[in-house]
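This note sets out some remarks on the fold and on the pockets of the chain shown below.

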Amino acid sequence: MIKVYAETDLEACRGLWNQMIPPDRLLDLWEVRACFHNNFKRDLFFVVAEEDGVPVGLIPLSWIPESNCYGYFPGEVWQGKTWLEQNRLIARDQRTFDAMLRWMKKKKISFNLRYLLPNPFLPTNLSAADEPGYSFYSEFLGYNIDNYYSLFSRKSWKKIHKEVDQFYSRDLQIRIDEFSDFDAMIEMNINRFGEQSYFFDERFRESFKQLACFLREKKYLRITTVIVDGKIAAVDVGSVYNGVYTLLAGGTHVDYQGVAKVINLYHIKTACEEKYKEADFLCGDFVWKKNFHLFPRTLDLF
């Protein structure tokens, strides 16, 4: 018989997460999520299904008071919605998943779960497509940058190439893994987006700093800096984990319009040269991602 209950103790939740969430991608790691939990300090509410004392299902929730509902752990919020993505709902089978849903309904648990990985157990009448993630699959293209260039029409590639060349015709340098450039990234992001920046929220800013320190310690961190005429024009902070190059956040200087194309093409070229199976540019349905022929990945809302 399946037993469903809620776990709220931090250490117990950590154990359940590490036992049941496969560490396939960077955002699956408890340590990554904990960087945000440490600063947002949400109350934990992990819905657990057990049979014969063995966990067979997990829906990890955190209470988000400003939304008056539960969100996916750790409940970090930017512009009214959680930011971390590729979230997993774990169940051994449909019966297990349904048992957890019935228990939550009986307890009148209100929730809003974003950016879920596709799950065959989700009821189609209650779930919907969320905004997609976007990736560059270098493995699919044989790690050949010329195969990528061939995806563009002659006209569109000529336009992009012209914009990029105007930067390379100047004194342009690419600097890798200069940790002090992390602060420059945050400053440029705030200067460009103001209150719309992730980093305008101190909790988010401190979470990212902790995340960068964790990634650096584990040797997963990748910081890419574009310097033009001796000045920092763009910084991207990412990670290489399990063969996937994940671009987490970035900033561009307002005086260097178009420099984002330089750094994004550099990431794509790097994914080919270093033979990463994927470069993950995460969510955000920005026009440039479609123009750069990144592949949309389905995520769900429940």
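This is a predicted model: local features need pLDDT of at least 70, side-chain atom pairs count only at pLDDT 80 or more; totals for chains, interfaces and linings use all residues.

**Remarks on the fold and the pockets**

1. Of the contacts in the chain that link residues at least 6 apart in sequence, 72% join residues at least 24 apart.

2. As to secondary structure, the chain contains 9 helices and 16 strands.

3. On overall dimensions, the C-alpha trace spans about 70 × 40 × 30 Å along its principal axes. The radius of gyration of the chain is 21 Å; a compact globule of 302 residues would have a value near 19 Å, so the two agree.

4. Burial and surface may be taken together. Of the 302 residues, 53% count as buried, a class that requires under 20% relative accessible area. The accessible surface of the chain amounts to about 14,700 Å², and carbon and sulfur atoms account for 50% of this area.

5. The largest pocket deserves a separate point. Its volume is about 1,100 Å³, and 37 residues line it. Which of these residues lie nearest the centre of the largest pocket? They are Phe193, Tyr198, Gly250, Phe286 and Trp288.

6. Several elements give two or more residues each to the lining of the largest pocket. The helices concerned are α6 (181-193), α8 (259-273) and α9 (287-291), while the strands are β6 (81-82), β12 (231-241), β13 (244-252) and β14 (278-283). Strand β13 provides the largest share, namely 6 residues.

7. Which element supplies the largest share of the lining of the second largest pocket? That element is α5, with 5 residues.

8. The lining of the second largest pocket divides into 7 nonpolar residues, 1 polar residue and 2 charged residues.

Note on methods. Residues are numbered from 1 along each chain as its sequence is written. Side-chain values use heavy atoms; hydrogens and water are left out. On a 1 Å grid over the protein atoms alone, a cavity is a set of points where a 1.4 Å probe fits but cannot get out, and a pocket is an open set with protein on both sides within 12 Å along at least five of seven lines; lining residues have an atom within 4 Å of a point. Grid points are joined across faces, edges and corners, and a volume is the space filled by probe spheres set on the points. Helices (H or I, at least four residues) and strands (E, at least two) are DSSP runs, numbered from the N terminus. Ala, Val, Leu, Ile, Met, Phe, Trp, Tyr, Cys and Pro count as nonpolar, Asp, Glu, Lys and Arg as charged, and the others, Gly among them, as polar. The radius of gyration is taken over C-alpha atoms; the globule rule is 2.2 Å times the number of residues to the power 0.38. Buried means under 20% relative accessible area, exposed over 50%, partly exposed in between (1.4 Å probe, protein chains only). Contact means heavy atoms within 4.5 Å. Accessible areas come from the Shrake-Rupley method with a 1.4 Å probe; for residues, only the protein chains shown count as cover.
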